[in-house]
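Here is a short tour of one protein model. Look at the sequence and the fold before reading on.

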Amino acid sequence: MNQTAKPEEQTQRVVLVTGPSGAGRSTAIDVLEDLGYEAIDNLPLSLVPRLLDGPARGVPLALGLDVRNRDFSAANVIELIDRLTRLPDYEPEVLFLDCSTEQLLRRFNETRRRHPLRSEGAPLDAIMAERDMLAAVRSRADVLVDTSELSPHDLKAELARWFDVDPGRRLTVSVQSFSYKRGVPRGVDMMFDCRFLSNPHWEPGLRPLDGRDPAVQAYVTADPRFAEFFEKVRDLVLFALPAHLDEGKAHLVIGFGCTGGQHRSVTLAEKMADALAKAGWQVSIRHRELERREKAPAPAEDGLTPDHHAVSA
């Protein structure tokens, strides 16, 4: 490698993307490419120094590293990290995509793909062996993303928060609804609890519907506390968004939670997304619990359907 120091603005940014098989590394590579990176997947470690030799490129690099490479080992990856760290020409970062063992096993079973470390025996053995192999690399991660419960949309948003390189991008806002019973979503920047509002769950005619339905929205918005709560939250968000944009933030997540994630939080998310879009912000909506029920169908009496759509001004 050329070790002659370059001007600071020409320092080469290099993101090394790795993690256990099935955790989303290939998806992350695609996302980084969409963000403006020159992305190369499954590159043999021995070729990385040759690739990086010479003047800095005009764009950052994203290099996918995984156990399929014949020269892959934790020691070799750490040696590469240390080598790049010592050179003033390069700005290395390690992005480690992790995932729970249960979810990895489920993904391999669903896709029926063979684990790259599996020759014989159960997939679980290969998954655990790979975990052991990558433990030292995981400890060196600059950015660690657990994809166990992330959709591709969620992963793209999370990576944009860390790796977006285009300061000219507009701030995008994701408004999400969720159930507190299932836990708070990862990556929420501003979160509001709407469990104090009247609950349509206790109305038999509204129970099977969700907060996108006009009847449910009418019931929730009829609560005397709704208008003041909504106006104050809306004004706070509209006050904060320009400040986040000035700070260079590319993506902001606003969450509304209720008990079941079906009625009140969905209503608030829909109303807030509409208000922000009318104010000129680029907004998307996600209803987590409705999506969950699509992936794992609920009993017939729930009568729920998923939603995940964009709202434009």
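This is a predicted model. Start with F196. Its relative accessibility is 34%, so F196 counts as partly exposed. F196 forms an aromatic pair with F229, edge-to-face. F229 counts as buried, at 17% relative accessibility. F196 sits in the loop between β7 (190-193) and α7 (214-221), while F229 belongs to helix α8 (residues 226-246). The pair therefore ties together parts that are 33 residues apart in sequence.

The aromatic pairs number four. Two of them are set out here.

| Pair | Geometry | Centre to centre | Angle between planes |
|---|---|---|---|
| F178 and Y180 | edge-to-face | 5.0 Å | 65° |
| F196 and F229 | edge-to-face | 5.0 Å | 90° |

F178 is buried, with a relative accessible area of 0%.

Five strands form an open sheet in the order β2-β3-β1-β4-β5, and the pairing is parallel. β2 (38-40) and β5 (143-146) are the edge strands, each pairing on one side only. From one strand to the next, the twist averages 20°.

Strand β1 (residues 12-18) pairs with strand β4 (residues 90-98) over seven bridges, in the parallel sense. T18 has F96 in β4 as its bridge partner.

Two helices come next. Helix α5 (residues 123-138) lies across β1, β4 and β5, running at about 140° to β4. Helix α6 (residues 152-163) packs on the sheet and touches β1, β4 and β5. The direction of α6 makes about 170° with that of β5.

Terms used: Residues numbered from 1 in each chain as written. Predicted model: local features only at pLDDT ≥ 70, side-chain atom pairs only at ≥ 80, totals over all residues. Heavy atoms only, no water. Phe/Tyr/Trp six-rings, centres within 6.5 Å; stacked < 30°, edge-to-face > 60°. Buried < 20%, exposed > 50% of the residue type's maximum accessible area, 1.4 Å probe, protein only. Helix = DSSP H or I, 4+ residues; strand = E, 2+ residues; numbered from the N terminus. Pairing = 2+ DSSP bridges. Axes fitted to C-alpha atoms, helices over the stretch in contact; angles between N-to-C directions. Contact = heavy atoms within 4.5 Å.
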